[in-house]
Amino acid sequence: ATAMPSPLWWSYLSAPHRLAATAMPLSKDDVSGIETVAHYTHDEDQAYLMLYGEGVFETIPIEADYTVGDMKLWLNFHKGKDPAEYDLVGPKGCWKMGAGSEVLGDEVVISEVMGERFENKWLMQLSLFPKKKSEASGQWESTFETIEEWVPPPPEEAWDEEDDDEEKWKKDVEKSEADN
């Protein structure tokens, strides 16, 4: 009998980090057929990505080898967005609770930076951040600053809509921080 390769060997070959070398950019024809989903529901067989910001709020199905550049092509075809005028921002490194955020390059494979979120087919999100045109060079420049890590504020400093006097609340927070 022929020995079957170990599952570990197969999982290595099929793991998302192997896709970067084999990912083929999508064509305009490919992206033209990617339809938005009106009401997202979890699907164990299909991963979905939300594209959000700059007037865009869409959820689309994605595959393991889709790149950030593919999403920019989709945004250009379906939403008329010029990729020179915005950045797509996602997890810094690989997604985990509290991970920072950074501008993702066109070659980045989405399933790799989403990791567990992609593997479990949880809803994922990339955010569109506007670029601004430099008066000096005429080039579009990023307005997003990398966030190393996200830590929620302590509950006593979290503002909510029941705080009717936002200015008073801000002064209270400043006083609280000065006292500590």
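# Exercises on a predicted model

In the hairpin formed by strands E1 and E2, 2 residues lie between the strands, and Glu-54 there has a positive phi near 55°.

## Exercise 1. The hairpin strands

Task: Determine in which sense strands E1 and E2 pair, and over how many bridges. Then decide how far E2 is enclosed.

Solution. 

Step 1. Locate the strands. E1 covers residues 47–53, and E2 covers residues 56–62.

Step 2. E1 and E2 are antiparallel and are joined over 7 bridges.

Step 3. Of the 7 residues of E2, 5 are buried, so the strand is largely enclosed by the rest of the structure.

## Exercise 2. A residue within E2

Task: Classify Thr-59 as buried or exposed, and state which residues it contacts beyond its sequence neighbours.

Solution. 

Step 1. Thr-59 belongs to strand E2.

Step 2. Apply the cut-off. A residue is buried when its relative accessible area is under 20%. Thr-59 has a relative accessible area of 11%, and therefore it is buried.

Step 3. List the contacts. With neighbours within four places in sequence set aside, Thr-59 is in contact with Glu-35, Thr-36, Val-37, Tyr-40, Tyr-48, Leu-49, Met-50 and Leu-123.

## Exercise 3. Aromatic pairs

Task: State how many aromatic pairs are counted, and explain why the pair of Tyr-52 and Phe-57 is classed as it is.

Solution. 

Step 1. Give the count. There are 4 aromatic pairs.

Step 2. Consider one of them. Tyr-40 and Tyr-48 lie 5.7 Å apart, centre to centre, with 75° between the planes, and this pair is edge-to-face. Tyr-40 is partly exposed at a relative accessible area of 26%, whereas Tyr-48 is buried at 12%.

Step 3. Consider the pair named in the task. The ring centres of Tyr-52 and Phe-57 are 5.3 Å apart and the planes stand at 75°. Planes over 60 degrees apart count as edge-to-face, so the pair of Tyr-52 and Phe-57 is edge-to-face.

Step 4. Tyr-52 is partly exposed, at 41% relative accessibility. Phe-57, at 56%, counts as exposed.

## Exercise 4. The partners of strand E3

Task: Identify which strands are joined to E3 by bridges, and find the residues opposite Val-89.

Solution. 

Step 1. Describe E3. This strand spans residues 86–91 and is mostly covered, with 6 of its 6 residues buried.

Step 2. Find the partners. E3 runs antiparallel to E5 (residues 124–133), with 4 bridges between them. E3 also runs antiparallel to E4 (residues 99–103), with 3 bridges.

Step 3. Follow one residue. Val-89 stands opposite Ser-127 in E5, and its bridge partner in E4 is Val-103.

## Exercise 5. The nonpolar core

Task: State how many residues the largest nonpolar core has and which element gives the most to it.

Solution. 

Step 1. The largest nonpolar core has 25 residues; Leu-49, Leu-51, Ile-62, Met-71, Leu-88, Ile-110 and Leu-126 have the most contacts inside it.

Step 2. Identify the contributors. At least two core residues come from each of E1, E2, helix H4 (68–79), E3, helix H5 (110–114) and E5. H4 gives the most, with 4 residues.

Step 3. Examine a member. Residues up to four places away in sequence being left out, Met-71 touches Leu-49, Leu-51, Ile-60, Ile-62, Tyr-66, Leu-88, Ile-110 and Leu-126.

## Exercise 6. Lysines over rings

Task: Find the ring over whose face Lys-72 lies, and decide whether Lys-72 is buried or exposed.

Solution. 

Step 1. Lys-72 is in helix H4.

Step 2. Classify it. Its relative accessible area is 9%, so Lys-72 is buried.

Step 3. Find the ring. Lys-72 lies over the face of Tyr-86, 6.0 Å from the ring centre. Tyr-86 is also among the residues that Lys-72 touches, together with Pro-83, Leu-88 and Asp-106, when residues up to four places away in sequence are not counted.

Step 4. The charged end of Lys-121 sits over the ring of Phe-118, at 4.8 Å from its centre.

Note on methods: Residues numbered from 1 in each chain as written. Predicted model: local features only at pLDDT ≥ 70, side-chain atom pairs only at ≥ 80, totals over all residues. Heavy atoms only, no water. Buried < 20%, exposed > 50% of the residue type's maximum accessible area, 1.4 Å probe, protein only. Pairing = 2+ DSSP bridges. Contact = heavy atoms within 4.5 Å. Phe/Tyr/Trp six-rings, centres within 6.5 Å; stacked < 30°, edge-to-face > 60°. Lys NZ or Arg CZ within 6 Å of the ring centre and 35° of its normal. Core = buried A, V, L, I, M, F, W, Y, C linked by side-chain atoms within 4.5 Å.
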